[in-house]
Every structure is written in C-alpha cells, then in structure tokens.
Amino acid sequence: MDFNTSDRDQDFTNYVALKDYKSAISLALSMDQPGRLFALFKELLSSGDSSGSEDNSHVTNSIIRDLPPAELAKLMGHIRTWNGNAKTSVVAQAILHSIFKLRTTNDVSDALGQASGSATASRETNSVSEIVQALAPYTERHLARLDRLVQDSYVLDFILAEMDGGMLVGGDEAMLMA
C-alpha cells in the first residue's frame, strides 16, 4: 500500500468519524470503493428510518443533488451492480429514487455521456437507456418478491387469527343469541 492510499484511507475514516458523509462519499467514489460507498449510504438510510428524523434523508438528498457529473456516473454504475442483489437492492432503489427525484434526466444523461466519452471511462459507465435496461428486470423481480411477501403476510395473519379462536366467533355468537 502506498503512502497516498494510506492517507486517503485515513481521511475517509476521519470523515466518517466526523459524520462528514458528503466528503466521505466523494472520497469513496474517487477511490472507487463501492463497498465503503454502499456502507455509507446504508448507514445514512437506515439511521434516518430508525430515529424517525428526516436529517439523514436531507443529507442524502444534498449529497446526490451536488454530485459532479463524473461521480454521478460512477454512482449509477454502482447502483446497477447493487440492484442485482436482493440484499443490496433496497439501498440501490432508495438512492435511485433520490437521483430521479432530484436530478433531471438531462443531468443523468449528460453525466453518463461525459463519463463514457472520456478516455478513463470505466466499463460500468453506459448510456441512460443501457442503465435503465439493466435496472428494470431486477427492479421488477424485487417488486414481485415484495408483493409475494405481502400476500404471504396476509395468509399468516389469517392463520394466526384462526388459531386465536377464529375470526367469526363473535359473529357466530351474535347469530345464536338472535
């Protein structure tokens, strides 16, 4: 490990300790470390849900709103990868929602176009249509999986209610008394 990488790792650790997520995410993107980037977004998204505060969603929105085009293109490539796995898809979908809510289609298209036009473009950078085509099938699978889970929860609720004496017990007693 060279000295520069060690300094950048230390800077990253310091940013996270100081809760300077904007700088930490920018550094993780520049160092091309999707694992660290995912962990940061996961922490931001999960801590906002558990505390009930909107502070972390504002931080996430601020970060996404201010991302330079090259970093936005890298992030879109990582989102495409994360969306392919059920364990990481929730974070990917939340970030994707924020991107499409806060950035125009032209912003995203221009960012991906600039990144793919540069000589240092990664193999993960594609056009908007290619990214969307890659995201759509997995997103549909995740939605179908969630729909099945909701349906299963209704079946489970029904079974539990039947085990507690049945849902119609109160209604049957009223009919017998009449």
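Tutor: A residue is called buried under 20% relative accessible area, exposed over 50%, and partly exposed in between, with a 1.4 Å probe and protein chains only. This is a predicted model, in which local features need pLDDT of at least 70 and side-chain atom pairs count only at pLDDT 80 or more, while totals for chains, interfaces and linings use all residues. Residues are numbered from 1 along each chain as its sequence is written, and side-chain values use heavy atoms, without hydrogens and water.

Trp82 is buried, at a relative accessible area of 7%, and Phe38 is buried at 13%. Rings of Phe, Tyr and Trp (its six-membered ring) pair if their centres lie within 6.5 Å; planes under 30 degrees apart are stacked, over 60 edge-to-face, and the rest tilted. The count is 1 aromatic pair. Its rings, those of Phe38 and Trp82, have centres 5.3 Å apart and planes at 65°, so the pair is edge-to-face. Because Phe38 belongs to helix H3 (residues 34-51) and Trp82 to helix H5 (residues 69-83), the pair ties together parts 44 residues apart in sequence. Helices here are DSSP runs (H or I, at least four residues), numbered from the N terminus.

A nonpolar core is a set of buried Ala, Val, Leu, Ile, Met, Phe, Trp, Tyr and Cys residues joined through side-chain atoms within 4.5 Å. In the largest one, with 32 residues, Leu75, Ile79, Ile95 and Ile99 touch the most other members. Helices H3 and H5 are among those that each supply at least two residues of this core. Beyond neighbours within four places in sequence, Ile95 is in contact (heavy atoms within 4.5 Å) with residues including Phe41, Leu75, Ile79 and Trp82.
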